[in-house]
Amino acid sequence: MTVHIGAKSGQIAETVLMPGDPYRAKWAAQTFLEGAELVNEVRGMLGFTGTYKGNRVTIQGSGMGMPSLSIYANELIRDYNAQTLIRIGSCGGMQPQVGIRDVIVAMTASTITSPSSGIFRELNFAPCADYGLLSAAVKAAEARGTKTHVGGIYSSDVFYAERPDLDEQMVRHGILGVEMEAAELYTLAARHGRRALAVLTVSDHLQTGEALPSEDREKTFGDMVEIALEAAFT
C-alpha cells in the first residue's frame, strides 16, 4: 500500500494499462478482463486487476497530465514491481493524414517540460517507446484492420494551449498527435529499466476541429484497449 494506491502486496500485476480516466479503467476492466477486482479507489483513482487470455493485468487510472501520471507510475514501478506500463488514452490529431478514430502508436514523445526535466539540466532527453511493445502493437492493429499511425507525438503540460506557433512547428516536423502523459511515462520507464508504450485513439483534430461523438467513443476506444493487451502479451 502506498500514499496513492491502496492495493496490497501481490494485487498489482506486472503488466499495467494506464488510462487517464478512472472510469475508463473501470469500463475497460469490466469489458476485457476476466475476474476483474477493484484493487484501488484512493482519491477516486480506480484500479482493477484481472486476467486477459490467462495473463494477469492491472488497469489503473493515472489522472490528467504528467505530474499525476508520474505519481502513479512511480508507485507502480517502485512499490509494486510493474514491468510493463502501457498508456491507453485519447489524443488530438495534428497531421492531415491522421483521422478521427485512427490509432496512434507513439514511437517518441516530445515535450517542453515534464516532472523529470529538472534532473537532465541542459540535456534534451529523447523519451521513446519499448521497441518490442511497439512492434507487437503495430502487428495487433494490422491484424484487426485498424488504421494505425506510428511516429512521434507531443506531450503537453497544458490542455488549453495558446501557442499556434508551436503547433505549426510540430506539424511541420511530423508530430502525429498531442496528449498529456506519454513523455513522462517513457522517461520513467527508461530510468527504471521497464517497458512502456502509448496506444492512443484520435478523438479530435487540431486542424479540422472535428471531434468524435460521445456515443461512438466506446467501440473506438475498445480497439485501442485490445491492441494494448495483445501487444503486452505477444
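Colleague: At which residues does UniProt place the feature "binding site", and which of these residues does the lining of the largest pocket include?
Modeller: The structure is a predicted model, and the annotation comes from an unreviewed UniProt entry. That entry places the "binding site" at Gly20, Arg24, Arg43, Arg87, Ile88, Gly89 and Ser90. Of these residues, the pocket lining includes Gly20, Arg24, Arg87, Ile88, Gly89 and Ser90.

Colleague: How much space lies in the largest pocket, and which residues are the closest to its centre?
Modeller: The space in the largest pocket amounts to about 720 Å³. Its lining consists of 33 residues. The closest to the centre are Val158, Phe159, Val178, Glu179 and Met180.

Colleague: Which element gives the largest share of the lining of the largest pocket?
Modeller: The elements that give two or more residues to this lining are strand E5 (84-93), helix H5 (164-172), strand E8 (177-179) and strand E9 (195-205). By class, the lining has 15 nonpolar, 7 polar and 11 charged residues. The largest share, 6 residues, comes from E5.

Colleague: Is Arg87 buried or exposed, and which side chain does a polar contact of 2.7 Å join to that of Arg87?
Modeller: Arg87 is found in strand E5. Its relative accessibility is 3%, and because buried means under 20%, Arg87 counts as buried. Beyond four places in sequence, Arg87 touches residues including Met18, Gly20, Glu181, Leu197 and Leu200. The side chain joined to that of Arg87 by the 2.7 Å polar contact is that of Glu179.

Colleague: Is Ser90 buried, partly exposed or exposed?
Modeller: Ser90 is found in strand E5. Leaving aside neighbours within four places in sequence, Ser90 is in contact with Arg24, Glu179, Leu200, Thr201, Ser203 and Phe221. Its relative accessibility is 25%, which lies between the cut-offs of 20% and 50%, so Ser90 counts as partly exposed.

Colleague: Which residue caps the N-terminal end of H1?
Modeller: Helix H1 spans residues 22-32, and its buried residues include Arg24, Trp27 and Phe32. At the N-terminal end of H1, a side-chain oxygen lies 2.8 Å from the backbone nitrogen of Tyr23. That oxygen belongs to the capping residue, Asp21.

Colleague: What is the relative accessible area of Asn40?
Modeller: Asn40 has its place in strand E2 (residues 34-40). Not counting residues up to four places away in sequence, Asn40 touches His4, Ile5, Gly6, Ala7, Met45, Leu46, Gly47 and Gln60. Asn40 is buried, because its relative accessible area is 2%.

Colleague: Which backbone nitrogen lies 2.6 Å from a polar atom of the side chain of Asn40?
Modeller: The side chain of Asn40 reaches the backbone nitrogen of Val42 at 3.4 Å. At 2.6 Å from a polar atom of that side chain lies the backbone nitrogen of Gly6.

Colleague: What are the classes of the residues that line the second largest pocket?
Modeller: About 280 Å³ of space lies in the second largest pocket. Of its 15 lining residues, the closest to the centre are Thr111, Ile112, Ser117, Asn124 and Phe125. Strand E6 (103-110), helix H3 (117-120) and helix H6 (182-192) each supply at least two residues of the lining. By class, the lining has 7 nonpolar, 7 polar and 1 charged residues.

Notes. Residues numbered from 1 in each chain as written. Predicted model: local features only at pLDDT ≥ 70, side-chain atom pairs only at ≥ 80, totals over all residues. Heavy atoms only, no water. 1 Å grid on protein atoms, 1.4 Å probe; cavity = no way out; pocket = protein on both sides within 12 Å on 5 of 7 lines; lining within 4 Å. Points joined across faces, edges and corners; volume = space filled by probe spheres on them. Helix = DSSP H or I, 4+ residues; strand = E, 2+ residues; numbered from the N terminus. Nonpolar A, V, L, I, M, F, W, Y, C, P; charged D, E, K, R; others polar. Buried < 20%, exposed > 50% of the residue type's maximum accessible area, 1.4 Å probe, protein only. Polar contact = N/O pair within 3.5 Å; in protein donor to acceptor, adjacent residues only side chain to side chain. Contact = heavy atoms within 4.5 Å. UniProt positions renumbered as here; feature names shortened; annotations may be inferred.
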